[in-house]
Amino acid sequence: MIIYNDYEPKTIKLRAITPKGKEIFVNAFLSPSEEEIIVDNEYNSKSVKYQFSTHIRCQMCGKLCDKHQTYYKDSIHICYECNKVLNYNNYLKLPVKKLEFPLFINDKIIFEKEDLEDYI
Ligand SMILES: [Zn+2]
């Protein structure tokens, strides 16, 4: 198990010789199995962490989750339950409007309350 929050990919420096014979050095990340390298382009350290992690600790409640069962919102990783709470809280923040007809829903025009009840 590799936990995203605690995992820091190992970095290595690659030595290469260009076709013109010039020696250059390239920074790269080494996979945990040491079978893969990913060249560091200065933008991908988080994606490398994610790629090689198996689990992520929810940054709201601390629950340890399979990384594929987490959500990335507002620059943090959260679990399914915290995502539900966030969505519900966002739902509660929606403005309440008086029901007025006609309503336009998905290319359908609803003229009265009974039609809306049928639609739902
Ligand atoms: Zn959570």
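Tutor: Happy to! Let's begin with contacts: among those between residues at least 6 apart in sequence, 26% join residues at least 24 apart. Keep in mind that this is a predicted model.

Student: Okay! How many helices and strands does the chain have?
Tutor: There are three helices and nine strands. Starting at the N terminus, the order is β-β-β-α-β-β-β-β-α-β-β-α.

Student: And is the chain compact or spread out?
Tutor: Its radius of gyration is 25 Å, while the globule rule gives 14 Å for 120 residues, so the chain is more spread out than a compact globule. Along the principal axes, the C-alpha atoms fill a box of roughly 75 × 40 × 20 Å.

Student: Which domains is the chain divided into?
Tutor: Domain 1 covers 1-53 and domain 2 covers 58-120. The C-alpha centres of domain 1 and domain 2 are 38 Å apart.

Student: Where is proline 19, then?
Tutor: Proline 19 sits in the loop between β1 (10-17) and β2 (23-30).

Student: Buried or exposed? Proline 19, I mean.
Tutor: Proline 19 is exposed, because it has 5 C-beta neighbours inside 10 Å, and a residue with 12 or fewer counts as exposed.

Student: What share of the residues is buried?
Tutor: Buried residues are 10% of the 120 in the chain.

Student: Which residues are in the largest nonpolar core?
Tutor: That core has seven residues: Tyr4, Ile56, Cys58, Cys65, Ile78, Cys79 and Cys82. As background, nonpolar side chains tend to be buried together in soluble globular proteins.

Student: What is cysteine 82 in contact with?
Tutor: If you skip its neighbours within four places in sequence, cysteine 82 is in contact with Cys58, Met60 and Cys61.

Student: New topic: sheets! In what order do the three strands of the open sheet come?
Tutor: The order is β1-β2-β3, with antiparallel pairing. β1 and β3 (37-39) are the edge strands, each pairing on one side only. On average, neighbouring strands of this sheet are turned by 45° against each other, ignoring direction.

Student: How many bridges are there between β2 and β3?
Tutor: Three bridges, in the antiparallel sense. One place to look is alanine 28, whose bridge partner in β3 is valine 39.

Student: What about β6 and β7?
Tutor: Strand β6 (residues 70-73) and strand β7 (residues 76-79) run antiparallel and are joined by four bridges. Lysine 73 stands opposite isoleucine 76 in β7. The two strands form a hairpin with two residues between them.

Student: Where is glutamate 34, and what is its phi?
Tutor: Glutamate 34 is in the loop between β2 and β3, and its phi is near 60°, a positive value. With 9 other C-beta atoms within 10 Å, glutamate 34 is exposed.

Student: Last one: which residues does the cis peptide bond join?
Tutor: The cis bond joins phenylalanine 101 and proline 102, with omega about 5°. Proline 102 lies in the loop between α2 (80-92) and β8 (103-105). For context, most peptide bonds are trans.

Terms used
Residues are numbered from 1 along each chain as its sequence is written. This is a predicted model: local features need pLDDT of at least 70, side-chain atom pairs count only at pLDDT 80 or more; totals for chains, interfaces and linings use all residues. The radius of gyration is taken over C-alpha atoms; the globule rule is 2.2 Å times the number of residues to the power 0.38. A residue is buried if 20 or more other C-beta atoms lie within 10 Å of its own, exposed if 12 or fewer, and partly exposed in between; C-beta atoms are placed from the backbone. Two residues are in contact if their C-beta atoms, placed from the backbone, lie within 7 Å. Domain bounds come from an automatic or database domain assignment. A nonpolar core is a set of buried Ala, Val, Leu, Ile, Met, Phe, Trp, Tyr and Cys residues joined through C-beta atoms within 7 Å. Two strands pair if DSSP finds at least two bridges between them. Axes are lines fitted to C-alpha atoms, for helices over the stretch in contact, and angles run from 0 to 180 degrees between N-to-C directions.
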